[in-house]
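Subject: Handover of a structure, with notes

Dear colleague,

Please find below the structure that I promised to pass on to you. I would be grateful if you could read the notes under it with the model open beside them.

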There are 2 protein chains.
Amino acid sequence: MLKICVCVSGGGTNLGAIYDALEAGKIKNAQIVRVISNNAGAYALTRAKDHGTEAVCVSPKNFETREEFNKALLASMKECNPDLVVLAGFLVNIPGEIISTFRNRIINIHPSLIPSFCGPGFYGLKVHEGVLERGVKVTGATVHFVDEGIDTGKIIAQKAVNVEEGDTPKVLQQRVMEQAEWIILPETIKRIADGEIKIG
Amino acid sequence: MLKICVCVSGGGTNLGAIYDALEAGKIKNAQIVRVISNNAGAYALTRAKDHGTEAVCVSPKNFETREEFNKALLASMKECNPDLVVLAGFLVNIPGEIISTFRNRIINIHPSLIPSFCGPGFYGLKVHEGVLERGVKVTGATVHFVDEGIDTGKIIAQKAVNVEEGDTPKVLQQRVMEQAEWIILPETIKRIADGEIKIG
């Protein structure tokens, strides 16, 4: 049984897609053991509770220094003893100690075709703003391992999505989620649970 | 009738795809009036002659300085009085005077999804080497207007192509040509000939 810790900052629609795949039996031999959010108000925490998962908030607001927050985040991850950590819209810079503790066991979903529109400054809606500003016709999403760089880790899966005439960043964001993120993230977890992709 | 000047350095398979679309009646109201190559041995020149098109070699080897070559290239383009200049695998840095003379009338095909794997150093097989080195799962091709930068002009069309397990640069290059370049380049010329995309 692959034990998964999912980290989310917002609504958690990617988390929802993982629950859907688990509950439909598309992903076998896997279980979400904890959902962590850095944001107490994240709907992802409600989503987790609704599915009977332990939901934990580790907010930087509750710590004096970044170091203390980082330590608490690592402690919360370790506590649930996960085989895999999934960053599913987690807007936190992952400290080196967490990366080395879970080397090749942390995956992230990024809403563009890396190496386009990634790295410092490209997160959330800013990615789609960048895509529209450059006038790109094809974008997409990427699942990758997390290493010490920002969006520099080994790519596991990518899926292309067309940009349409008249798209706004929000419209494009929704299409990229529906047509790419909610597909490749559960698929990747299935392939890891099946042993097709090696982790660790 | 849209008069087209095509510039090619090598085999000219993209040129071949344009001839196919013209001869199948997929592109109407357009005609290739001249093919220019910087390489006397380019098979593209034979291809042009076979289709009854004027085929011209303007090689830097025949000129003392780059300036003289640039001047001769511009002169050869002007001579055929084109509405549109198509760079179809033309491995020559286009001088500013040509760009300003044919402002928004020069299009280029690039074998990646710009802004990935483009700019200085990314041409020909090097693009596909870069894609495989980074472990990207989705690549493609881009048709764009040519401006003063390298691969920085307005994007007109893009098409995604999957990278497959075990791809070599050459295998990937061939797939990107077949599944993207030979489709979007004739399609773009058709849209220009139909007045759907404005040039000039």
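The notes below go from the model as a whole to its sheets, its helices and a few single residues.

This is a predicted model, in which local features need pLDDT of at least 70 and side-chain atom pairs count only at pLDDT 80 or more, while totals for chains, interfaces and linings use all residues; side-chain values use heavy atoms, with hydrogens and water left out. Residues are numbered from 1 along each chain as its sequence is written, and chains are lettered from A and ligands numbered from 1 in the order in which they are written.

The model scores ipTM 0.91 and pTM 0.93. Chain A has an average pLDDT of 97, with 100% of the residues scoring at least 70, where pLDDT is the predictor's confidence in each residue, from 0 to 100.

Sheets

In chain A, an open sheet is built from 7 strands in the order β3-β2-β1-β4-β5-β6-β7, with mixed pairing; strands here are DSSP runs of E with at least two residues, helices are runs of H or I with at least four, and both are numbered from the N terminus. Two strands pair if DSSP finds at least two bridges between them. The edges of this sheet in chain A are β3 (54-57) and β7 (155-162), each of which pairs on one side only, and neighbouring strands are turned by 20° against each other on average, direction ignored. Within chain A, strand β4 (residues 84-87) and strand β5 (residues 106-110) run parallel and are joined by 3 bridges, with L87(A) standing opposite N108(A) in β5(A).

Chain B also holds an open sheet of 7 strands, in the order β3-β2-β1-β4-β5-β6-β7 and with mixed pairing. Its edges are formed by β3 (54-57) and β7 (155-162) of chain B, each with a single partner strand, so one side of each is left without a neighbour in the sheet. Strand β1 (residues 2-8) of chain B runs parallel to strand β2 (residues 30-37) of chain B, and 7 bridges join them; V6(B) stands opposite V35(B) in β2(B). Helix α6 (residues 169-193) of chain B packs on this sheet, where it touches β1, β2, β4 (84-87), β5 (106-110), β6 (138-145) and β7 of chain B, contact meaning heavy atoms within 4.5 Å.

Helices

In chain A, helix α1 (residues 13-23) packs against helix α2 (residues 43-50) at an angle of about 15°, with the axes 9 Å apart; axes are lines fitted to C-alpha atoms, for helices over the stretch in contact, and angles run from 0 to 180 degrees between N-to-C directions. That angle makes α1(A) roughly parallel to α2(A), a term used for angles under 35 degrees, whereas those over 145 count as roughly antiparallel, 65 to 115 as roughly perpendicular and the rest as oblique. The contact is made by T13(A), L15(A), G16(A) and Y19(A) of α1(A) together with A44(A), R47(A) and A48(A) of α2(A). Both helices also lie on strands of chain A: α1(A) lies across β1 (2-8), β2 (30-37), β4 and β5, running at about 165° to β2(A), and α2(A) lies across β1, β2 and β3, running at about 160° to β3(A).

In chain B, helix α1 (residues 13-23) and α6(B) pack at an angle of about 50°, with their axes 9 Å apart, and are therefore oblique to each other.

Single residues

Most residues other than glycine have a negative phi, and most peptide bonds are trans. The peptide bond from I114(A) to P115(A) is cis, with omega near 15°, and P115(A) has its place in the loop between β5 and α5 (125-134) of chain A. In chain B, the bond from I114(B) to P115(B) is likewise cis, with omega near 15°. D151(A), a residue other than glycine, has a positive phi near 65° and is found in the loop between β6 (138-145) and β7 of chain A.

I199(A) has its place in the segment after α6 (169-193) of chain A. I199(A) and R103(A) are 96 residues apart in sequence and 8.5 Å apart in space, C-alpha to C-alpha.
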